[in-house]
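Biologist: Hello! Could you walk me through the aromatic rings here, step by step?

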Amino acid sequence: MKIPRCVFFVLATLLVVPAARAQQNGVKADVPFDFVVGNRAYPAGAYILNSPLNDNVVIRIQNTQEVLSGFSVSNACAKGAPAKETKLVFHRMGGRYFLYQMWTAGNTTGREFPKSRIEVQLAQNHETPEVVIVAAVIAR
């Protein structure tokens with residue numbers, strides 16, 4: 001009975017570790033528009049988003065072209081099938097872009113960012129978000 005549990009644990013670890021490493025490495029994307037994460041605005045540019053801690057809760061948002069970085073808390077989000085591509089998902093409302101989610105290819109879990117006050121106000125005014133996807137790559 002102990003041997004099957006051990007085998008199951010090893011197999012589960014082998015499946016989870018690459019996904020965790022991919023998210024720990026973060027993603028790199030060229031964002032062609034200004035955007036908001038939480039209550040902080042970021043200019044268009046090349047960004048690396050990664051977790052400086054192993055918990056993936058706090059995400060560092062670093063502009064690679066400028067000395068500009070910030071941090072945001074994030075929540076886990078999931079979908080039934082693995083993501084087909086590494087990407088950043090934005091909501092566009094009221095002419096502004098809000099970072100919504102971050103996904104890495106091959107993972108069923110991603111990171112979701114909290115809504116800013118402005119995004120909440122726009123939603124209360126019955127603004128419907130338009131989903132905008134920016135292609136990204138895994139940053140190593």
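Biologist: Which residues form one aromatic cluster?

Modeller: First, this is a predicted model, where local features need pLDDT of at least 70, side-chain atom pairs count only at pLDDT 80 or more, and totals for chains, interfaces and linings use all residues. Residues are numbered from 1 along each chain as its sequence is written, and side-chain values use heavy atoms, leaving out hydrogens and water. Rings of Phe, Tyr and Trp (its six-membered ring) pair if their centres lie within 6.5 Å; planes under 30 degrees apart are stacked, over 60 edge-to-face, and the rest tilted. One aromatic cluster is formed by Phe33, Phe35, Tyr42, Tyr47, Phe90 and Tyr97.

Biologist: How many aromatic pairs does the structure hold?

Modeller: Counting ring pairs by that rule, the total is six.
One of them joins Phe33 and Tyr97, with centres 3.7 Å apart and planes at 15 degrees, so this pair is stacked.

Biologist: Are Phe33 and Tyr97 buried or exposed?

Modeller: Buried means under 20% relative accessible area, exposed over 50%, and partly exposed in between (1.4 Å probe, protein chains only). By that scale, Phe33 and Tyr97 are both buried.

Biologist: What kind of pair do Phe35 and Tyr47 make?

Modeller: Their ring centres lie 5.1 Å apart. Phe35 counts as buried because its relative accessibility is 3%, and Tyr47 counts as buried at 0%. The ring planes stand at 75 degrees, so the pair is edge-to-face.
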